[in-house]
Amino acid sequence: MLKKEVAYRLTIERSQNAMRKNPKVLFIYAPAQNLPGTVCKPQGALAHLYNAGTLLRAGVEVDIFDACVGRPKRDDLQQTFYRSTELPSGLLRTGVPVERILEEAADSDVIGFTSIFSNQERMVLATIHLIKKTFPDKLVITGGVNARSRMNKFFDAGVDAVFLSESEKILPLLMAEAVRQRRRKRFDFTGISALASRASDGTIVINRAQSIDFCWNLDELPMPAWHLHPNDRYAEIARPHGGDHAPGQLLRYASMMTSRGCPFNCAFCHIAGEIKTSLAGEIGRFRYKTIDRVLQEVEILKGLGIETIYLEDDSLLAIKSRAFELLRSLLKASVRFADVNGVNAIHMLNKDGSPAHDVIELLKEARINPIVLAFESGDTKIIDEYVSNKWNPQRHDMTALIRACKAAGLYVGANYMLGFPTETRTQMEKTIRMAREHKEAGADHCNFFAVMPCPGTPLFERSLACGYIRPDFDPDYLNWTQSIFINTPVSANEIEEVRQRAWEEINGEPWKESKRAMVPKA
């Protein structure tokens, strides 16, 4: 018998038949999948870090395994991350083989997944199904806006429970209940709030979140368990989810958030659907950590050798007084920051629409560079209808803002969206024309995203109700280069062509080549 097959069988035999009194938990990032020609990056989402921190604080043994990149000394990056395999769908899979996933899962009692990005759903479901089929007695849990919105798919794959909201307060309750029920054949979590789970008769019971189920005071959150990430592997790969980096150089980076929620309610964002009456509860409300807590997190990351921190806040500068306090506190941090998640450009303007030079100077002094400005559209009607009416192309001079940022020495990226379901070709051209003006004003690059009606967003619900997407849509194609809309003024194919042409025309060759170099190779 081949050594590989022997090892595989031993892995199966090591599965526990019942939950231990002191259970072990493993959080897994599933392998990645990508459309041919698109960029592959490790996910490294913060959800696992906060959940792992929660369990460590409760004294539970926990680990994180990124199946996209594998572990040092066990998985060769050249065979896992830098060499992809073609799936039956035609997409490319990047990550360790299934035997390695089973080997990692074998010794744990609880396996956790996150499903935020809909276009990665298929790989998450496949990994869940693999583990549950091999280890039927293991407790499998998941969360994230995509899992919450499409929970039937996850229950069909074998999941035991789906978190419906922020999980830091609910996870310890589930763990305690799992230990109490550890000798039962089927877990029953139907008494736990903010959770969807199967009852003993197999029906799905949904307990929507209440205000008491999540943290209003973000300082009460556990410290994210950054030390459980394969940080050296991420540094070697050097592909954070945004920003530019010279190839061949280590990038010792990590992500953090100083706030949650957002004051805006843009239709394409899940935050707009996270209101008091929703399954998730009012977690879309803007909340933020104290400066002391932020600095504590920065010091932990520096202690791990992190040199660049990506600020993932949905609205970093939402409250100007708090923004000033935060930026001033970061001046002596001795670490570089970047905000590529998309700074709301309106927060960098004064009330009269002129550039807020005081904010720009503080960004420079605090070493927050690069920044990416989120413009979304150049058409007033589109901004009003889909983008919270948060800025006005006629009243706000964004080219002056870009020039001011460049004069301060900031690297400036810009984000735009094309192909809203009611958008005309003329409206799309307004956005492209505006992007061209921004590039001429000094923007270093311009990102163009095809509008994605992701599950869990008001845009998804509206598109489904109006017949703009098919009920049986394929989540594989919820990708920023693709459009899945039907019955719209501009066809999906034309949206994709216009988006690609704008990206090619407006951006410079060095930046485009840096992105092409990240495309997976089969």
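Me: How do strands β4 and β5 pair, parallel or antiparallel?

Reply: In this predicted model, β4 and β5 (residues 92–94) run antiparallel to each other and are joined over two bridges. To see one of the bridge partners, find Thr85 and look across to Arg93 in β5.

Me: Which strands make up the sheet, and in what order?

Reply: The order is β2-β5-β4, three strands in an open sheet with antiparallel pairing. β2 (32–34) and β4 (85–86) are the edge strands; each has a single partner strand, so one side of each lacks a neighbour in the sheet.

Me: Is α5 mostly covered or mostly open?

Reply: Mostly covered: 10 of its 14 residues are buried. Among them are Met123, Val124, Leu125, Ile128, Leu130 and Ile131, but the buried set also includes Glu121, Lys132 and Thr134.

Me: What about nonpolar residues: where do they go in general?

Reply: In soluble globular proteins, nonpolar side chains tend to be buried together. Here the largest nonpolar core has 137 residues, and those with the most contacts inside it are Leu174, Met348, Leu373, Phe375 and Phe448. A second, separate core holds 32 residues, including Ala106, Ile111, Ala147 and Ala196. Click on Met348 and you will find that it touches Leu317, Val359, Ile360, Leu373 and Cys405, among others.

Me: Which polar partners does the Gln181 side chain have?

Reply: One is the side chain of Glu177, through a polar contact of 2.7 Å. Another is the backbone nitrogen of Asp188, which lies 2.7 Å from a polar atom of the Gln181 side chain. Leaving aside residues up to four places away in sequence, Gln181 touches Arg186, Phe187 and Asp188.

Me: Last one: how many disulfides are there?

Reply: The count is zero. For Cys269, the nearest cysteine sulfur is that of Cys262, 6.6 Å away. For Cys466, the nearest is that of Cys454, 17 Å away. Cys466 has 46% relative accessibility, so this cysteine counts as partly exposed.

How values were computed
Residues numbered from 1 in each chain as written. Predicted model: local features only at pLDDT ≥ 70, side-chain atom pairs only at ≥ 80, totals over all residues. Heavy atoms only, no water. Buried < 20%, exposed > 50% of the residue type's maximum accessible area, 1.4 Å probe, protein only. Helix = DSSP H or I, 4+ residues; strand = E, 2+ residues; numbered from the N terminus. Pairing = 2+ DSSP bridges. Polar contact = N/O pair within 3.5 Å; in protein donor to acceptor, adjacent residues only side chain to side chain. Contact = heavy atoms within 4.5 Å. Core = buried A, V, L, I, M, F, W, Y, C linked by side-chain atoms within 4.5 Å. Disulfide = S-S within 2.5 Å.
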